[in-house]
Amino acid sequence: MSIVTSGPAVSSRALGVLLDSWRASSSPGYAALADRIRLLVLDGRLSVGTRLPSERDLATHLGVSRTTVAAAYAALRDAGHVTSLRGSGSVVRLPDQARVRSTRPAAEGDVLDFTKAAMPAVDGIAEAAQRAAGRLGAYLSEPGYDTVGRPVLREAIAARYRARGLETSADQIVVTLGAQHAIALLARVLVGRGDRAVVETPGYPHAFEALRAAGARLAPVSVTVDEGWDESALLQTLRRTSPPVAYLMPDFHNPTGATMLEAQRVRVLEAAADEGTIVIADETMAELVVGGPRGASFAGAGAGAGAGGGAGARPLPMAAYGPAVTIGSVGKSLWGGLRIGWIRAERPLVERLVRARSAGDLGTPVLEQLIVADLLGDMDGVLEARSRQLRHGRDRLVAGLRSAFPGWSVPSPAGGLTTWVGLGAPVSSQLVLAARRHGLLLAAGPMFGVDGAFERFLRVPYSYPDDETDRALTALAAAWDGIDGVQAPRGALMAEVV
């Protein structure tokens with residue numbers, strides 16, 4: 001059984017924003033309310049230990065009877081997602097494993113987890129691990145606590161930047177425990193409590209969490225599939241708030257797939273420099289090029305070129321256009337099981353990061369660094385193979401979605417791992433709940449927004465094997481047919497998939 005202590009409280013107003021269109025369901029009011037709160041817990045939008053509003057306060061804010069809220073809380077307690085503590089009211093928790101299993105299909109193998117945009121390990125990791133183990137002996141006389149990174153890996157990462165057109169030396173690199181650790185470390189060093197931090201919406205939810213944990217107040221700026229970044233709003237937000245940091249994903253933005261144009265990069269970095277803002281460019285997707293129609297280009301074809309463009313000229317890394325700190329990792333390109341990421345920054349910031357790091361961890365495992373250093377030597381070959389895999393997966397998923405759901409807007413991104421699907425109705429959370437009942441786990445659109453936006457969107461990864469993609473499409477069709485308030489024609493499922 002989970003043991004939960006009382007933590008921060010969520011107000012009725014804030015919870016009401018997260019709940020958004022919970023009334024769309026034709027289920028009894030208490031059941032619809034319980035289902036939506038349960039999804040917020042499962043998605044991580046309500047963290048474990050959060051105190052829910054009192055029954056009376058939430059009922060007043062939502063304009064429903066207290067009996068409805070009481071019944072919803074009771075259903076959540078029965079399912080194990082809420083517990084009642086004396087003097088603390090109703091507190092979010094995670095159910096024990098027995099209850100989790102009882103809410104899923106009978107066989108665990110029937111559950112498809114499409115909440116992760118990731119790929120299986122690239123070929124050659126086992127062999128690289130054997131070679132790295134053979135070299136490990138040279139490091140065993142050292143203490144093994146490595147807060148900056150082994151020189152061989154730092155140089156390999158720097159060489160990769162140079163190959164991409166950005167002059168970089170090994171002493172500009174800090175090796176981290178993946179990209180998420182890099183984001184959290186930068187937030188802890190650069191952000192003070194109450195500071196503003198510019199972020200993209202939709203955007204990467206774990207970056208939101210890291211910035212908020214450091215005390216930041218988020219200042220969102222829109223990114224869309226068709227238009228890319230709202231440049232006017234981004235520049236105005238920088239000038240109005242003078243934030244210490246702006247977190248951006250300029251290459252194959254997660255989740256829209258957009259790529260920022262070169263001229264935009266220059267203007268954004270100039271505006272940031274004027275305000276003393278450090279731009280953190282997350283480039284974890286930057287080299288996952290999928291490609292598109294022949295003759296299309298990433299640059300010079302309009303603001304949305306990165307979202308639907310092809311295999312034309314690519315922008316350089318963000319820091320080639322002006323002062324920027326960049327983040328990278330091998331979690332998307334090589335394997336998520338290799339917890340290796342990095343930060344590229346100027347030397348004074350590198351020194352600050354290394355000094356601050358010991359408060360959170362004592363370094364990156366040496367063996368994993370040696371494995372990655374080995375694999376980076378053939379990164380061009382790795383990326384070529386990944387591009388073929390992703391192009392096949394994208395084309396299969398996009399064709400399947402467009403055939404089965406002609407009323408949806410299904411982009412075909414030029415890179416990255418996901419497509420940001422427009423559903424045509426604010427039913428993303430409702431659809432995700434229905435999909436769970438058919439053994440498919442997805443991340444609802446609002447997970448990628450600030451304060452519950454994007455109910456009209458769904459992020460779907462195309463990085464999975466064909467059989468799993470086909471099963472996911474079947475489950476999604478069954479879920480769509482089963483949700484309330486949506487009547488849209490569908491084509492024959494998989495009729496055009498090859």
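Colleague: Let me start with a pair of helices: in which hand does α6 pass α14?

Modeller: Bear in mind that this is a predicted model. In it, the crossing of α6 past α14 is right-handed. The two helices, residues 125-135 for α6 and 366-376 for α14, pack at an angle of about 120 degrees with their axes 8 Å apart.

Colleague: Which residues of α6 and α14 make the contact?

Modeller: On the α6 side you have I125, A128, A129, R131, A132, A133 and R135, and α14 brings L367, L370, I371, D374 and L375. Sorted by class, that contact has 9 nonpolar, no polar and 3 charged residues.

Colleague: What about α16 and α17: at roughly what angle do their axes cross?

Modeller: Roughly 120 degrees, and the axes come within 8 Å. Here α16 covers residues 428-436 and α17 covers 466-482. That angle makes α16 oblique to α17, and the crossing is right-handed. L431, A434 and A435 in α16 meet L476, A479 and W480 in α17. By class, the α16 and α17 contact has 6 nonpolar residues, with no polar and no charged ones.

Colleague: And how do α10 and α11 cross?

Modeller: Their axes come within 9 Å and cross at roughly 15 degrees, with α10 at residues 231-241 and α11 at 262-275. Angles under 35 degrees count as roughly parallel, and that makes α10 roughly parallel to α11. α10 also passes α11 in a right-handed crossing. E231, L234, L235, L238 and R239 of α10 meet Q264, R267, V268, A271, A272 and E275 of α11. That contact has 6 nonpolar, 1 polar and 4 charged residues.

Colleague: Which residues does a cis peptide bond join?

Modeller: P202 sits in the loop between β5 (196-201) and α9 (205-213). Another joins N254 and P255, where omega is about 20 degrees. You'll find P255 in the loop between β8 (245-248) and α11.

Colleague: And S242: is its phi positive or negative?

Modeller: Positive, near 45 degrees, in a residue other than glycine. S242 belongs to the loop between α10 and β8.

Colleague: Last topic, empty space. How does one find it?

Modeller: Rolling a probe the size of a water molecule over the atoms shows where empty space is left.

Colleague: How many cavities of 30 Å³ or more are there?

Modeller: The count comes to 3. The largest cavity has a volume of about 200 Å³.

Colleague: Which residues lie nearest the centre of that largest cavity?

Modeller: Of its 18 lining residues, R164, E283, E287, S329 and W342 lie nearest the centre. The elements giving two or more residues to the lining are α7 (151-163), β10 (325-329) and α15 (379-404).

Methods
Residues are numbered from 1 along each chain as its sequence is written. This is a predicted model: local features need pLDDT of at least 70, side-chain atom pairs count only at pLDDT 80 or more; totals for chains, interfaces and linings use all residues. Side-chain values use heavy atoms; hydrogens and water are left out. On a 1 Å grid over the protein atoms alone, a cavity is a set of points where a 1.4 Å probe fits but cannot get out, and a pocket is an open set with protein on both sides within 12 Å along at least five of seven lines; lining residues have an atom within 4 Å of a point. Grid points are joined across faces, edges and corners, and a volume is the space filled by probe spheres set on the points. Helices (H or I, at least four residues) and strands (E, at least two) are DSSP runs, numbered from the N terminus. Axes are lines fitted to C-alpha atoms, for helices over the stretch in contact, and angles run from 0 to 180 degrees between N-to-C directions. Angles under 35 degrees count as roughly parallel, over 145 as roughly antiparallel, 65 to 115 as roughly perpendicular and the rest as oblique. A crossing is left-handed if the near helix is turned anticlockwise from the far one by less than a right angle, and right-handed if clockwise. Contact means heavy atoms within 4.5 Å. Ala, Val, Leu, Ile, Met, Phe, Trp, Tyr, Cys and Pro count as nonpolar, Asp, Glu, Lys and Arg as charged, and the others, Gly among them, as polar.
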